[in-house]
Amino acid sequence: MKKGVYLLVLVLAAASVFLWLKREKLPLYLSVDTPPAPALTPQQALDSFSLAPGFAIELVAAEPLVVDPVAMAWDEAGRLFVVEMRGFMPNAYGDGEDQPVGRVVMLLDDNGDGVMDRSEVFLDGLVMPRAVAVVNEGLLVAEPPTLWLCPNIHGKTRCENRRKVADYATNYESVSMEHLENGLMLGLDNWIYNSKSDRRFRFVDGELVVEPTLSRGQWGISQDNQGRRYYNTNSNFLSGDYFSAHSFSGASRGLGEQITDNDEVFSIRVNPGVNRAYLDGVLRDDGRLKSPTAVSGLAVYRGGQFPQSYWQDIFVPEPAANAVVQLRANLDSFEVSAEHITYADKRWGQREFLASTDERFRPVDMKVGPDGALYVIDMYRGIIQHKEFLTEELLAQILERGLDTPLGQGRIWRIVSTESPRLAAPQIAGASSEQLLDLLGSDVPWLRETAQRLLAARSDARDGLRQLVGKGGELAAVHALWALEAQGALDAATVATALARNTPALTRQLLLAAGPHMDRDTLLAVGDEALGDTAAALAWFDALKRFNGDAEVQRRLLAMLLSHGGDVYRREAAVRSSAGVEQEMLAAVLASDSLSPENGGAALLKALTNSAYQTAVADVAAAQQALPALLARIAALQDEKQWQQLAMLAGLASAAEKQDTPFSLAQAPALFVDKTLSGDDPLWDARLAARRAFTWPGDELASGREPLTGEQQALLAKGEKFYQHCANCHGKEGQGVPGLAPELAGSEWVTGPVEWLTRIVLDGMQGEIIVNGKTWNGVMPAHRHFPGLDADTLTGLLIHMRRLGPNRAAAPSVEQVSEIMALPANPNPWTAQAIRQVPYASPLDKFVGQYKISFVKFTFAVDEGELTVQAPMYGRSRLTQISETRFSSAQDGEELEFRFELDKRGEVSALYIVRGGQENRVEKVQ
C-alpha cells in the first residue's frame, strides 16, 4: 500500500492527516481578506468575545500564572491543578518538544473572589504532560509513557515521592501526540476512563488495576448523570454510548454511536489558518471555517448555576474556529440525539454559543466547576496544529503572519449565567460524612461526584449511604449506591431495598453495580415494569448470562425477547446472554407461536444463528456435531417457515464475513448441495452466502469456484458436450496442445471479460497472442455457424471454459450472452489488439463512485480490471479483492479494508472502511 493510502486510514478515522497539495492558484489564505492576529491582553481578549444572551464570561487565570494549559482538575480543598504543555510546538517546526519543560501548577484563589491569585509549581520537569485527575490516593498525572501518582496531596504544595502506577500513551514515539491516551475522567462507576484509549483504571488496595474497555474518542471525555460516556473526534462534535458498558466492542449497537454528523461550525472571523483550508467544503465562501477540524474536549452540563433549560446541554470547543459549540441533547432518553444551537449574529448571520474574533483564542477543553459554572481552558497561541500534520500551506501562513510568537501564554475562563444566582465554590476537604451525604443530592455535578469519591473511602458512612439508597432522591441514591460499590458493601439487604423502590434510574444502576454478583432468584425477581427501561434491561440481560443454562432463565429471556422483538438493543443483549446455549434458545424461539417477521423474529434468528456458529467453531471437536445439527434445523424450515430459514442463513452469512477461514465439516451438508434450486429462488442466494462459513472435501467454494444453480448446471451440461469441438485443439482439460493451440486453463483470455471470450468463440482469432507468457501466432476459426450453438449452449460452454483447471471466473448469464450474439459479426477473426478495443462491463463497476467521510471525498474506479481508490493529495492505489464485496490494501502489517454491502438488486447500499477491527460507515455522494 502506498504511504499516502496509509495516511488515508487516519483521515477516515477523522484524524488530522494532510499533506500540502500543490496548485497553480494562490494559496487560499492569500485570496481572502485575513485580519491580523496580534496577541491580546486578557482584557482585550474579553472584548473579542461574543457570547450567548444571558451569559457572561470572566477571567479566572492568565499568564504568567498559567501557560499553555491543556487539562485541569479541582481537589476537595478547591485547589485547581492545571497541566501545562509548555513543550508543544516551541516553534513552527516543533523543535525541542522533547525538553522537560512541562508542569502541573496549582492555582489558588486566596480571597475567594473567583480569580486566581497564586500559582504554585506542584510538579515540573515533565515532557509533554497531557492529563490530570484527583483521586483519593492523590493526584494522577499523565506524562507519556507513564502515569504518575503524587500520593497524599492534602495540604501539600509540591508533589513528593511520585511513583509510576501504570504505563500511559506508550505509543508516543510512533503515533502523533494528537492520537495518544488522554482524559483521566473518574466515572460514576468508580473507574477512570480515557479518550483515545481502550483501557480503564481503578485503584484497589492502593494499586491501580487496568482493564480493557471500548476504544473511545480522540481528545477529551465526559459523562452524563447515568454514567454514559461522551467523546468526539477532531471533525465530529459528539459521539457516545447509549448505555453504560465497558465491553461488547463491535458486538452491540448503541456503543460508539456518532450522535451528530455533517457538523458545521459558525465562527465570527475568517479562519484560513487551518490545515485543511484547501479542501472543498472546509471553508465557507467568506473564509470562515465550515467543517470542524480541531474539535476538542467536551463538557456535559448536568446542573448547577445555569438555568435548568441548559442542564442537558453539551459544550464542545473548536479551537481552529476560535469558538465553543452548544448542543442541546435529550439525555433522559435511551437513544441520545443532539441539536446544534446557534445564535443570531449581525455580521455573519449566525454564530456559536461562544465565539471570538481573536485567532489565538484556543479553547481545548471544558469542565463544570465546583461553583456550577462552565470553565474553558484556553491554550492561547497562534499554532494549534502539531508538526506531524502541519502542511506547507499552513506553515507558510504561520511564518508570514507571525503566528509562531509570542509563546508562554494561556488563560482559563469561566462562563456564568446572568439570569441565575451565583453559587459559592465550596471547600469540602474537612467535610464530615454527614455533610458529604447531603452533597450527593447537590445540583452541581462536581459536588456530587467529589462527595461520592470521598465517601467511597469512609466505612463510617455506610449506614447513611444505605439509607439514601432506600429513601434518598434519585441522584443521591444513585451516587450512594456507587459509593457502596466502591467499598464492596452492596449487601443483599441494600440490593433488595433498591429493587423495592422500582425506579428506572436506580434499578438501572443497581444492575450495573451489583448485577454481576446477584443470585439467580434475585435477578429473576426483577419485574417487567422495571425492565421497561431499556438500559436496565440490557444490564439485566448481561447479569443473567451466568445462568443461561437454566431453563427458567431461558424462559424469561425468551419472554422478554418476544415482547420486545423489534428492539435491536435488547435483542443483541439477549444474544450475548445466550452465549453457549444458542441452539437451545433457537429451539425455544422457533417453537414459539408468537414468533413473526413483524416482531423482529427474523433479526433475532439471524443474530442467534450467528452467535451459535461463533460458539461452535471455538470447539472444533464439538462443532462436528453442533454445526450439522444447526444446518439440519435450518433445512427443516420449509414452505411457510421459509422466512425463518432465510433469516438463519443470513446469520451464517454474517458469520462467514467475520471468519478468516471457513469451518471444515467432514462431509457436504445436504442443505448446500441441493441441485433443484434455481438462481431466481431467494433460497439460492441465501444458501450460497451462508455456505461460505463452511467447507468440506470436494467443496467447490474452497477451490474458488462459485457453486452453480440448478439452471446453470443444466447449461453446463450442454456446454461440456459442445466442448468436444474445442478439446481437439485445446486439450480435454484445457491444457493446450503443443504446436497447435494454447491452453485455456489459466488463461486470462478465458477468465477475463465475457464480452471478449464470447466474440472470440463466435468470430475466431488470428495473429500474435500471448497466453501465460508464451507467444502464439495462428488462426482459430469462427464457431458462429456451428449447428447447435445457440445461446444456452454457448453460455454453458463459456461456463465450462471459465471453470477449467485453475480458472475461477464467474458464470455469465444467458441474457448477457444473447445480447452479445445479437451484435453484428466481425467480418474477420479478431486480433489481440482489436479485441482489446471492445468495451466490456466489469463486475467491479457496481463499486464505482464517489464516497465521503467527514471532510474527505474519495473515488473508486476500475482500471485495467482492478478496483482503485483515490483521494485528494493521496493519489491512486490499487486494491486487492478478498471476496466479492471486500477489498484491501496493506503494507508493513497495516491493513485497510473496504467492505461494500449490496442490496437485492446487486447495487451498493453501504460502504464500511475497516481498520484494526473498527468500522467507519462511509456516505456515497454519487
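Select Arg269 and Glu359 to begin: both residues are buried in this predicted model. Their side chains form a salt bridge, with an N to O distance of 3.0 Å. Arg269 belongs to the loop between β18 (257-258) and β19 (299-300), and Glu359 to the loop between β25 (354-356) and β26 (363-368), so the pair ties together parts that are 90 residues apart in sequence. This pairing belongs to a total of 47 salt bridges in the structure.

Next, select Lys367 and Asp365, whose side chains meet in a salt bridge at 3.2 Å, N to O. Asp365 is buried, at 7% relative accessible area, whereas Lys367 counts as partly exposed, at 25% relative accessibility.

Move on to Arg836 and Glu748, a salt bridge with an N to O distance of 4.0 Å. Glu748 is part of helix α22 (residues 748-751) and Arg836 of the loop between α26 (832-835) and β33 (849-853), so this pair joins parts 88 residues apart in sequence. Glu748 counts as exposed, at 54% relative accessibility, and Arg836 as partly exposed, at 43%.

Then display Glu58, Arg414 and Arg422 together; salt bridges link these residues in a network.

Finally, select helix α9 (residues 492-501) and helix α10 (residues 504-514), which pack at an angle of about 150° with axes 9 Å apart. Angles over 145 degrees count as roughly antiparallel, and α9 and α10 are therefore roughly antiparallel to each other. The crossing of α9 past α10 is left-handed. On α9, the contact is made by Val495, Ala498, Leu499 and Arg501; on α10, by Leu506, Thr507, Leu510 and Ala514. By class, six of these residues are nonpolar, one is polar and one is charged.

Technical notes
Residues are numbered from 1 along each chain as its sequence is written. This is a predicted model: local features need pLDDT of at least 70, side-chain atom pairs count only at pLDDT 80 or more; totals for chains, interfaces and linings use all residues. Side-chain values use heavy atoms; hydrogens and water are left out. Axes are lines fitted to C-alpha atoms, for helices over the stretch in contact, and angles run from 0 to 180 degrees between N-to-C directions. Helices (H or I, at least four residues) and strands (E, at least two) are DSSP runs, numbered from the N terminus. Angles under 35 degrees count as roughly parallel, over 145 as roughly antiparallel, 65 to 115 as roughly perpendicular and the rest as oblique. A crossing is left-handed if the near helix is turned anticlockwise from the far one by less than a right angle, and right-handed if clockwise. Contact means heavy atoms within 4.5 Å. Ala, Val, Leu, Ile, Met, Phe, Trp, Tyr, Cys and Pro count as nonpolar, Asp, Glu, Lys and Arg as charged, and the others, Gly among them, as polar. Buried means under 20% relative accessible area, exposed over 50%, partly exposed in between (1.4 Å probe, protein chains only).
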